[in-house]
Each structure stands twice: as C-alpha cells, then as structure tokens.
Amino acid sequence: RRVHKFHLSHYNTRQSTMKITLVATALIAASNSPSLIAARQLNGTSSTNTKTLPEINSLIDIAFPMWEVDENGNRVETKSCMVDSCEWNPFYVTKRYDGLHPDFGGHPTDNDVKYAFFASSPFKGQPYPGTPHHCPIDALDDIKAGDCPKIETLSDNDAKRPGHIPPHISLASLTWGVEEELFSMEEMFDYDSYECRVIPGALFKMIRKYYPRTEGEKVNYPPPIVPEGGDFQYEFPAGNGLDNQGPPYVAGPPHWCTEEMLDTGHWDGVCPYVFEGPDAGKYRHPHIALAALEVYLANIAMPEKCSTTWLENNPDFLDPDRVTTDTPFPVMSNDEADPKMVENWLGQPVLPWNYASGDARPGAEGMYVEDTAKLLDIEAAPVPATPAPNPSSAFAMSGSVAAAIMAVIGVIAM
C-alpha cells in the first residue's frame, strides 16, 4: 500500500524491543500484498521461535488503511469505499463521527469493534448513549456526563461481571499475554463463536493476571500514558492547556477544550483531540489499537478466514441499513462547515451548553454488561496473577525496525 509521509511520522523508535512467541500451525499463503508481509514473517513452527511484535501504530495502519492528506490534514482524493478497498482518516481529531461511514472522518466505536468489556450505555433516548456513562432513561439533556456513572463492580461474580474495563487495559494485557505465551493461538481464537476477535474469556484471564481484583473492591486501573497502563504512545494528554499542544505532555484527558468549556463541568469528550503542533491528528483510540492487534493475530492464526483489514472481517459496517452507534454531540462552533472537512472536526462546544440526546435507536448493537456476562465463564480457573509489567514502552520497537518500516512503505518486515 502507498503510505503518505504523514503516516510515517507515527512510527517511532524506543529504547527496548518487545518479543513475542507465536505458534502457528498453518502456513500463510504466499502473497505480493505488502499488508501480508508482517503476518507472513511472524508465522512460526516452533514454540521457541521468538519474533518482534510490530509497533502498534503500524498494525493500525494495516488494519485500517489510511487515506492521503495534505499539510493541513484535509483529504487529497476521495475514492470509492468498498469493503476491500476503503480508507480511513489519518488526521483524526474528533470522535463525533465515530460509527458512521468512514468518509466522515471517524473510526469504528468500541461497540462496533465489539469490545467485550465496554459496558456500554443503551440507545434508549437518554443522554450519552453508546458511551460508558449510564444516565437515567428519563434524565434531562442538561445532565452532566460525570453524573452518569460508569459501571464499576466490586466482584467479577457480580451480575454485571467486571463492569467497564478501559480498552487500554485490554490492549496492554493482550500484548503482554502474547509476549509471555499465556495461551496458544488455538486457545485465543474460536472463529465459529467470535470470528476474528480474541475469545473474551481468554482476554479476561490475561487482564486479571496483570490487573488482579481484590474481592469486594473496585479495580484501580492505571491510565494509558504510564508504563503500568501500557505506555500507550498515541494519547497526547491535554494537561498543558489548549494553547500548548506539544511535548512534553502533561497528564490529563486527551481532549483539548477551552478553559471556559472545562469550567462548565460538561463532557469534555466532545472537544478535539490534539490538532496543533508536531502530533496534530495523531491521536488513536486504544480500542482501535486493540482491534488492530486482534486482526493481526487472527490473520496469523486463521489466514484462510481472517483478512488483514478490520473492514474485510466486519463488512456489515458498510451496510447502509445498519443502525449506527455514534453518540450525539452538542451544538459545536463549526457546525456550518462541511462535516467531511477538518474545519468542521475542529469545532469547540458552543456555550452555554446546548445538547439534545436524540431518539431511541432500536437495533443498535452494543457491548452491554448483559453481553459480557454471557461471554465470560468466571468460574474457569484463572491465570495466576502477577503485577503489570513496567516496560519503557509496552509497544516499543527498535531503531532497525523503524528503518525497515521506512524502507518497506510502512509495513514492518522481519
């Protein structure tokens, strides 16, 4: 695939190289497609065949091929979007259009990628549907998201099982679990039940190995930007304030809001991700990274069933009759601009806050706590718990691998 220079700047060199051991029983068919290089090179025949796990953003760019943009982040050429050829927005600055057609610049939602531990709020007409914030069904639209709690339980045997687990925790756990060979590929995948996704029960055991629960207590999950939380490199937190969008970043949410907006106490999730400076547009959702890693591993485990792109494995996303999983936004400052252009995406909430939750959406598919309860066998013997690793980067790669990426049009060849 052609990779624009904007994408290449995402790849970075880190101090350590992560190792992974994969047992693949089926040879990956020979192919001239660059997107198959990484998967083909990781195919092994021995449990002692240790290889390097590609840097996570390289896997995102394979699972979600990105379109070409100009220096301002605008799309250079609009192409037809087909299951086997559709492209996604690399200059990602708002979640407003997540769950909609890729041409609007959004990415799939947590619900779209079927993230098993999202504990989504329903689409019943209440505020903030399709998010982890559970507002009363009869709540008024001026309720603040912070007054609508996420589902947090005191026991994994609760009727709501583990409740909401942040996606970066699953991403870190899957990465470390594969590195340590906690499960064979056969134990991680069951196409008939879960298609090209990791079996939720196996993923949950990995989570509890690194993030054990003390019975009767909530689990205090670390944030994604610290080593214990996975050291996710595509968060770009806004602790420095709106006028200082650049490294070194300071802890905070990834949404860059005005001070006036923050003072209202309303949901900061509607503010743009980093949109100025050297990292403009480079934010990536941990659930997208997790989905990309699942695609990568599934293609190795089941190359005859699972493609190298997420859309080919989930073609229903382009079904025009699909009930979308986007969440409503308030009135934004740039609403008059074309919704497929950067200008629109960079809007800030208009104050005073003006939000409408919209109508109920029967048929919207979400990952609700009831679904998680059905997916998990909590009584199964867990993997012995160990503290979360403290690597310099959970998704690091060596300089030599980074050089290889530059030489092989954005795909790591090992």
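Colleague: On a 1 Å grid over the protein atoms alone, a pocket is an open set of points with protein on both sides within 12 Å along at least five of seven lines, and its lining residues have an atom within 4 Å of a point. How much space lies in the largest pocket?

Modeller: About 1,100 Å³, the volume being the space filled by probe spheres set on points joined across faces, edges and corners. This is a predicted model, where local features need pLDDT of at least 70 and side-chain atom pairs pLDDT 80 or more, while totals for chains, interfaces and linings use all residues. Residues are numbered from 1 along each chain as its sequence is written, and side-chain values use heavy atoms, without hydrogens and water.

Colleague: How many residues line the largest pocket, and which lie nearest its centre?

Modeller: The lining has 46 residues, and P132, K150, H164, P166 and P167 are nearest the centre. Helices α4 (167-179) and α9 each give at least two residues to that lining. Helices here are DSSP runs (H or I, at least four residues), numbered from the N terminus.

Colleague: What lines the largest cavity?

Modeller: V113, E195, C196, R197, A291, E294, V295, W310, N313 and N314. Both α9 (286-301) and α10 (310-313) contribute at least two residues each. Helix α9 has the largest share, with three.

Colleague: E195 is in that lining. Where does E195 lie in the chain?

Modeller: E195 sits in the loop between α6 (191-194) and α7. Its phi is near 55°, a positive value in a residue other than glycine. E195 also pairs with R197, another residue of the cavity lining, in a salt bridge with N and O at 4.0 Å.

Colleague: What cut-off makes a salt bridge, and how many does the whole structure have?

Modeller: A side-chain nitrogen of Lys or Arg has to be within 4 Å of a carboxyl oxygen of Asp or Glu. The search finds 11. One of them joins K218 to E152, with the closest N and O atoms 3.5 Å apart.

Colleague: Why does the pair of K218 and E152 tie together parts apart in sequence?

Modeller: Because K218 is in the loop between α7 (200-210) and α8, while E152 is in the loop between α3 (56-63) and α4; the parts tied together are 66 residues apart in sequence.

Colleague: Backbone next. Which residues does a cis peptide bond join at P248, and which at P352?

Modeller: P247 and P248 are joined by one, with omega about -5°, and P248 is in the loop between α7 and α8. Another joins L351 and P352, with omega about 5°. P352 belongs to the loop between α11 (342-345) and α12 (369-375).

How values were computed
1 Å grid on protein atoms, 1.4 Å probe; cavity = no way out; pocket = protein on both sides within 12 Å on 5 of 7 lines; lining within 4 Å.
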